[in-house]
Each structure stands twice: as structure tokens, then as C-alpha cells.
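Colleague: I have this one open for the first time. Can you walk me through it?
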Amino acid sequence: MIKICSNKNPTVAAVLVTNFVLVCFVQTTRAEDADKQIVPIVEQIQHADYAGDRAAMQKGYDDLRPFLEDKKLTSRVRYWRGFAQWRRAINGFNDSVDPKELEQDLKTALDEFKAAMEKDPTFIDAKVGTISCLGYLAFINRKDQTRAKELVGQTMLLAKEATEMAADNPRLIWVLGPILWNTPPERGGGQDKAIENYQRGLEVCSKMKASADPLEPSWGKPELMMSLAYCYLNTNSRDLIAAERNARAALEIVPYWHYVRDILLPQVLAAKANAQ
């Protein structure tokens with residue numbers, strides 16, 4: 001404890017204590033004001049992601065710049081900036097954007113996730129974003145076998161670390177899906193393993209309570225449903241009924257989801273029509 005002053009100076013002590021309280025109040029108020037400004041930007045980024053609005057995601061990324069120096073919120077601000085660039089890239093794959101632009105988005109996202117982890121080493125969701133970005137970069141560089149192998153190695157190492165830290169994180173379960181899908185059965189992966197993984201993710205979601213903090217990532221359930229729809233559509237043992245059910249379930253949560261509404265569900269319905 002710091003001794004403010006002796007009992008012989010009660011007036012001075014009262015003034016110092018009052019000033020200390022005022023400083024704490026101002027700092028708390030500023031933090032709350034920052035929260036109120038950041039939350040709508042984060043909500044805009046997430047809405048833009050589902051809507052497939054890459055320009056709005058870039059705007060959200062830029063709008064978070066003024067809050068980078070907020071020591072209390074830096075790791076989360078960095079995460080959501082990384083999220084905006086990561087999802088810009090994912091949406092760009094769906095819209096046939098130039099791979100060089102997608103690669104730059106992913107690299108920018110990686111820089112943000114790295115900064116978030118440096119500020120908060122226990123922040124598992126920053127690691128989740130990193131795993132996915134490295135996977136997409138490996139895909140973009142698939143013709144360069146040396147580079148692709150290096151990226152896959154980094155991905156697998158981080159996936160192992162993340163699983164040891166938070167095996168029941170629904171967003172981690174989601175990003176592990178493509179790894180399992182593309183890993184041969186003899187190495188512990190395969191289509192069935194990927195589907196089981198996504199189903200487990202939904203079971204985890206059903207037992208979890210959403211965080212009361214809007215800056216803490218809580219997305220994941222509709223993504224798991226979307227991925228199940230994709231898997232059931234593309235697996236060797238197709239299940240188009242399950243594919244449609246999961247696609248529609250995802251749209252019940254996010255009705256304006258561009259990819260599911262305008263791309264995935266029409267593919268499922270077309271496959272059902274052709275199968276009749």
C-alpha cells in the first residue's frame with residue numbers, strides 16, 4: 001500500500017483521495033465510451049461477413065484503427081480487424097476475386113491475429129483465425145509445393161496447440177473441419193471424420209451460454225451448420241436431405257447469409273432436382 005499522507009494532514013489526504021477517485025472514474029468512463037464505439041463496428045463487420053459485403057468489411061477494419069492504442073481492448077480490437085480481413089478473403093473465394101488480393105487480405109489478417117496473441121497469449125480465438133488463414137494460404141500456394149508444405153506444417157502445429165488449450169471451442173472445431181476433410185482416413189481424417197467433428201461442434205454449442213461481452217467471439221453455430229450442409233452435399237455418400245436441413249437451419253439464424261442463401265442452398269436444391 002502507498003501511504004498517501006499522515007493523519008496530521010486530513011485535508012490534504014481528502015483532496016488526494018478525491019483526485020484519485022476522479023481519475024479512476026474518468027478512466028473507467030473512457031473505457032466504457034470506447035466499448036460503446038467499438039461494439040457497433042464489430043457488429044457491422046459480422047453483418048458484412050454474412051452479407052458478403054467485402055467493402056463494408058474493409059470499412060470496419062479501417063474504423064477500428066483509432067482504438068488500437070486502447071491497452072484494455074487492444075487484443076480484441078486486433079482480433080476483429082483480423083476477422084474482417086480473414087472473412088474478406090473467404091468471401092472473395094466465393095466471388096472469384098484475384099488470388100493475389102485474397103493472399104494480401106489473409107496476410108493482413110495474420111498480422112492482426114499475431115498482434116492479438118502477443119497482447120493476450122491465452123486468447124484462443126486469435127489462434128483459431130490464424131489456423132484458418134494459414135490453411136487458405138496453403139491452398140493459394142498449392143502449386144508451390146515447398147511453400148504449401150511449410151504452411152501446412154505451421155497449420156498443423158497451431159491446430160495441435162489450440163486443441164490442447166480449448167478442444168471444445170466451437171470456432172476451433174469449425175476451422176479443424178477442412179483439415180479433417182482433406183486428411184486421408186489412414187491418417188485420422190476423412191469425410192466421415194469431418195462430419196462427426198461438425199456434429200460435435202453443434203453439441204458443444206447446445207451446452208454453451210453466449211458471452212455477455214459483445215467483443216468476445218461467440219459466432220460458430222451457423223458456420224457449423226453451413227459446413228455440414230456442404231459436407232452432406234459433397235461427400236461420397238451424399239445425403240441431400242441432411243444438406244438441405246442444415247442449410248435452412250443456418251439461414252434461420254442468419255437469413256441474409258449470401259453464401260448459404262444464394263450459392264450453397266441452390267446447389268443443394270439443384271442436386272435434389274437432378275436426383276429425382
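Modeller: Start with Asp262, which forms a salt bridge with Arg261, their closest N and O atoms being 2.9 Å apart. A salt bridge here is a side-chain nitrogen of Lys or Arg within 4 Å of a carboxyl oxygen of Asp or Glu. This is a predicted model, where local features need pLDDT of at least 70 and side-chain atom pairs pLDDT 80 or more, while totals for chains, interfaces and linings use all residues. Residues are numbered from 1 along each chain as its sequence is written, and side-chain values use heavy atoms, without hydrogens and water.

Colleague: How many salt bridges does that rule give?
Modeller: The count is 20. Arg76 and Glu216 make one of them, with the closest N and O atoms 2.7 Å apart. Arg76 sits in helix 3 and Glu216 in the loop between helix 8 and helix 9, so this pair ties together parts 140 residues apart in sequence. Helices are DSSP runs of H or I with at least four residues, and strands are runs of E with at least two, numbered from the N terminus.

Colleague: Is Arg76 buried or exposed?
Modeller: Arg76 is buried, at 14% relative accessible area. Buried means under 20%, exposed over 50%, and partly exposed in between, using a 1.4 Å probe and protein chains only. Glu216 is partly exposed, at 23%.

Colleague: Switching topic, how many helices and strands are there?
Modeller: The protein chain has 11 helices and zero strands.

Colleague: Which residues of helix 2 are buried?
Modeller: In helix 2, residues 54–63, they are Arg54, Ala56, Met57, Gly60 and Tyr61.
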